[in-house]
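Here are my notes on the model you sent over. Have it open while you read, and go through the points in order.

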Amino acid sequence: MDRPLLSLRSTLVFLLAVLAGAAAGGLTALAGEGTPRSVLAGLAVAGLAVPFFNHLIDSDSTAIRPPAPAGPGSGEGESNG
C-alpha cells in the first residue's frame, strides 16, 4: 500500500525540483549570462531542490500528535499557585 504513495511523492519531489531548476536557469539566461552558466545554475538548483522538497514533503514529520495531558505534573499543582 505504501508503493503508490511513495511513487506519487517521488514524482512530486522531482517535478518541483525540475520546475525550480528551469526557473533558475531561465532567470539566469534573462540576466544576460551565457547558455553554459544558465544550464549549470539550473542543474545546481535542481540538485539542491531534491533534498529540500523531499524533507518538506516528509510524511513522518507532519503527523498530528495529540497534546500532552494537563494535570498536576504540568505546573498546576498545590505548591505552584
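**Notes on the predicted model**

1. Leu12, Leu15 and Leu19 make a nonpolar patch of about 270 Å². Patches here are built from residues with over 30% relative accessible area and no salt bridge, joining nonpolar side chains (Val, Leu, Ile, Met, Phe, Trp, Tyr) within 5 Å and like charges within 9 Å. Leu12 sits in helix 1, residues 2–30, and is partly exposed at 38% relative accessible area. (Buried is under 20%, exposed over 50%, partly exposed in between, with a 1.4 Å probe and protein chains only.)

2. A word on ground rules. This is a predicted model, where local features need pLDDT of at least 70 and side-chain atom pairs count only at pLDDT 80 or more, while totals for chains, interfaces and linings use all residues. Numbering runs from 1 along each chain as its sequence is written, and side-chain values use heavy atoms, leaving out hydrogens and water.

3. Now the overall picture. The chain has 2 helices and 0 strands, taken as DSSP runs numbered from the N terminus (H or I, at least four residues; E, at least two). Of its 81 residues, 14% are buried. Among contacts (heavy atoms within 4.5 Å) with a separation of 6 or more, 70% involve residues 24 or more positions apart.

4. Have a look at Ser38, in helix 2 (residues 35–56). Ser38 is buried, at 7% relative accessible area. Leaving aside residues up to four places away in sequence, Ser38 touches Gly25, Thr28, Ala29 and Glu33. A polar atom of the Ser38 side chain lies 3.2 Å from the backbone nitrogen of Ala29.

5. Which residues of helix 2 come with a C-alpha distance to Gly21? One is Ala44: the C-alpha atoms of Ala44 and Gly21 are separated by 7.4 Å, at 23 residues apart along the chain. Ala44 lies in helix 2 and is partly exposed at 43%. Gly47 is partly exposed at 46% relative accessibility.

6. Leu27 is in helix 1 and exposed, at 57%. Leu27 and Gly42 are 9.2 Å apart, C-alpha to C-alpha, and 15 residues apart in sequence.

7. On charges, the count is 2 salt bridges, each needing a side-chain nitrogen of Lys or Arg within 4 Å of a carboxyl oxygen of Asp or Glu. Asp58 pairs with Arg9, with the closest N and O atoms 3.8 Å apart. Asp58 lies in the segment after helix 2 and Arg9 in helix 1, so this pair ties together parts 49 residues apart in sequence. Arg9 is partly exposed at 23%. Glu33 and Arg37 form a salt bridge at 3.3 Å, N to O; Glu33 is partly exposed at 36%, whereas Arg37 is exposed at 57%.

8. Finally, the rings. There is 1 aromatic pair, where rings of Phe, Tyr and Trp (its six-membered ring) need centres within 6.5 Å, and planes under 30 degrees apart are stacked, over 60 edge-to-face, the rest tilted. Phe52 and Phe53 have ring centres 5.2 Å apart and planes at 65°, so the pair is edge-to-face. Phe53 counts as buried, at 16% relative accessibility.

Methods. Areas by Shrake-Rupley, 256 points an atom, 1.4 Å probe, with all protein chains shown as cover. Polar contact = N/O pair within 3.5 Å; in protein donor to acceptor, adjacent residues only side chain to side chain.
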